Structures are given as C-alpha cells and as structure tokens.
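Please look over the sequence and the model shown here before reading on.

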Amino acid sequence: MSGRSFLQIPGPTNVPDRVLRAMDRPVIDHRGPELAALTREILPGLREVFGTRDGAVLLYPGSGTGAWESALVNTLAPGDRVLAFDHGSFSAGFAQAARNLGYAVDLVPLRWGQDLPPAEVEARLRADDPAHPYRAVLVVHNETSTGVTSDVAAIRAALDAAGHEALLLVDAVSSLGSIAFQLDAWRVDVALAASQKGLMLPPGLAVLCAAPRAVAIGQQGGGSPRNYFDWRPHLRDNAAGFFPYTPATLLLFGLREALAMLAEEGLPAVYARHARLAGAVRAAVRAWDLPILCERPERYSNTVTTVVMPDGLDGDAVLRRARERYNLVLGTGLGKLKGRVVRIGHLGALNELEVLATLGGTELALRECGVPLTLGAGVAAAQQLFAESAALAAVPD
Ligand code: PLP
C-alpha cells in the first residue's frame, strides 16, 4: 500500500526517525570505552524518567515479560507470599509469572475496567497473616488491555495505612515515558518497563529501576536462584559502564537519542501532550457514542483507549477493515476481551495530526462495519479539543 502505515497499537510504538538514525551505525565493541561512555549517559536519563535520584537502573535484552521475572527473582525467596489483582490481561499475567516462578500468589479478582482500588489493597493487607506476611504487592500502573491507569501514590498510601512492609512492585510497561512516574515520591520498590512503548524504541529491552531497599535484598543474600537476571553482577559491572552479558548495543544508541528527545521536550510537556492526545481520542469515541471500557473517567489511560464494540460486532472485523483498507493498525482485545473491544494506542512519538488520521481511519472502519456513526463526528470532536487547547496555550504578542 502506498503512503505510511499507521501503527496505532499500544506498543510497539512508532520509532522516530532520529532514533532510527541513531541506531543505523556500525556495531561497537561492548567491552570498549565507547560503550562505557554511552552507558554513563543513559543511566541518569532513565533515572529521570523513573522519577528517582538513587534508584538503580537495570537493562536487559528482553521485554516486559522478562522484566517481570527480573523484578520477582531478585526480591522474593521461594515460597514467599505475594498479593496480586486481576483486572486485566497484564495484571493477571504478572501474577501468573509469579506463580510460575514458585511464589504463593493470592490473586484478587476485580472487574476488567476497574482501577486497582487502594481501599481493597489496604483491607487485604490489614487482614494479612502476621506469621507469614505478604512479601510483595504486584501493581500494574497502566493496564494496557483495559486502558485503565491505577493511582500508585494512593496504593502506596494504602500500604502505609495498613502499616505493611510488603514490597511495592510496579509494572510501568505502558506508562513509563508517557504518564508521570515517581519512583521516589511513591516509594516504589521496583518499577519495570520495556523499550517499545513510551521510550520510542523497537522491542528488545527490559528496563527496570530498583530502589535501595530492593537492591539490598540481593546484596544480603536474599532472592531466588537466578543467573541472567541477577542484579548483583549487573550493578557491579555497570558501575564501570559495562554489562555482565553482551548488551543490545545499537538499541542503547537509540535509547540515548530517545532520552535526549524526552529531555528536549521536557517530561512535563511529554505527559501533557499524552493527556491532550488521549483527551482527543476519548472525545472522538464519545462522538461515536461507543462506551470506553475504563469505568472511572479520572482513571482513563493517557496511552491507550479501550473502546467497547456494540453487541454483535466483532472488534477483530473492525481491525481487519482498518488494516486492509486504510493501512491502519489498531490493537486487538486481549484475553476475555477478544472481539469485544478495539484498542487505540496513543503513546510515544505522536502528534495531533497523526491522532486525527488515526481517528479518521477508525471512524471509517467502524462505519463500514455497521456502526451507525456520523462520518467526521469523531474527528471534529478531536479537532475541537485541539483548537481549545491551542487557544489556551496561545501567548499574546
Ligand atoms: N505489562 C504490560 C502493562 C504490558 O502492556 C505488556 C505488553 O504489552 C507487558 C507487561 C508484557 O511486555 P512484553 O510484551 O514486552 O513482554
């Protein structure tokens, strides 16, 4: 198909030309001075994005699923009890990863579309068994399957209110670099992410940040049997700018460029842009008269909107239409949402006109699949919102 393909899934996201160019270069020696200098540039930039001063950044060739494992095996001992919540495909997946690794997971079922209720966290922790307490609470900051962002600050407050010592392990895979994250302020023990979302890179990197309390567990001999994901050799070698394995060198060049782009725009402006673009997508969905799965508007995700299809319409038919006719790729429903929803990704390198094109294509595909919407209504609602925010931002001469 001629023209550009619109990849608007909630990750992998579009890689900016600048980042592509930064990776288009000869491979370097991963034991040489160039790599050490590169690592030293990257780590402070990542700490900034995680919202931490003293957190330790860990990078592995891998993905978010590997980052789950890395977070778990470095902080938990075999048989440790873990509290987790099922309110989407990834919160359930994080819990399953813990179960597969041999931890004793209590999984609390919630509605898919709900954010994680801090009161529920507090109640579960208050009712905990003091003889064999939970060692960790697993939280997904932004549930990519449902388009719901949970309030990590409030969840931290819930742990505090319960006076519970459990570690707070947070999946920030689809929020980091797009929605504000504050590892220090929220006293998150481990945050984890991956390269292919807000960091605007191709898939291939697992990215973590561990607070001193979490790092100390391994250093004092704790954790589970592990090898590749062991933080100790990583932190030892990283101090000199190296890694205890062969790093994904070209991705690291891309990461340096992506971090530079985030710093140039300024993180507050990056988060504000995501909020603005997400607001426009939601305005369009409302104009189409389709429900958004997220139950509470204050918890709408600024990186992905999960749109509920009318009864009888298979969401995957809409995706097929968008892909085959308009070269627009939208996200499928995951797990029990398969066929029931369409997910519009709006994160990473993205601007107003790209959102309008995405909405225009989605609107056409929906209409051609039988949704009785007025063509142009969604695009106009988004344009209206952009025009209003431009007016607010306008500075008189
Ligand atoms: N957690 C969340 C919130 C995700 O969105 C994803 C993937 O989309 C994952 C974990 C798994 O990450 P990966 O697919 O990179 O292994």
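What follows describes a predicted model, and each section treats one part of it.

A search of the whole structure finds three cavities of 30 Å³ or more, and the largest cavity holds about 40 Å³ of space. Its lining is formed by Asn74, Val215, Gly218, Gln219, Arg226, Trp231, Arg232 and Leu235.

By class, the residues that line the largest cavity are three nonpolar, three polar and two charged. Among the lining residues are Arg226 and Arg232, as well as Trp231 and Leu235.

Strand β13, which covers residues 341-345, is mostly covered, with five of its five residues buried. In a regular strand the side chains alternate between the two faces of the sheet. In β13, Val341, Arg343 and Gly345 point one way while Val342 and Ile344 point the other way, and all are buried, where buried means under 20% relative accessible area.

Strand β11, made up of residues 304-308, runs antiparallel to β13 and is joined to it by five bridges. Within this pairing, Val307 of β11 stands opposite Val342 in β13.

## Helix α10 and the residue after it

Helix α10 spans residues 267-287 and has 21 residues. From its first C-alpha to its last, α10 reaches 30 Å, which is close to the 30 Å expected at 1.5 Å a residue. The helix is followed by Asp289, whose phi is positive, near 65°.

How values were computed: Residues are numbered from 1 along each chain as its sequence is written. This is a predicted model: local features need pLDDT of at least 70, side-chain atom pairs count only at pLDDT 80 or more; totals for chains, interfaces and linings use all residues. Side-chain values use heavy atoms; hydrogens and water are left out. On a 1 Å grid over the protein atoms alone, a cavity is a set of points where a 1.4 Å probe fits but cannot get out, and a pocket is an open set with protein on both sides within 12 Å along at least five of seven lines; lining residues have an atom within 4 Å of a point. Grid points are joined across faces, edges and corners, and a volume is the space filled by probe spheres set on the points. Ala, Val, Leu, Ile, Met, Phe, Trp, Tyr, Cys and Pro count as nonpolar, Asp, Glu, Lys and Arg as charged, and the others, Gly among them, as polar. Buried means under 20% relative accessible area, exposed over 50%, partly exposed in between (1.4 Å probe, protein chains only). Helices (H or I, at least four residues) and strands (E, at least two) are DSSP runs, numbered from the N terminus. Two strands pair if DSSP finds at least two bridges between them. The expected span of a helix is 1.5 Å times one less than its number of residues.
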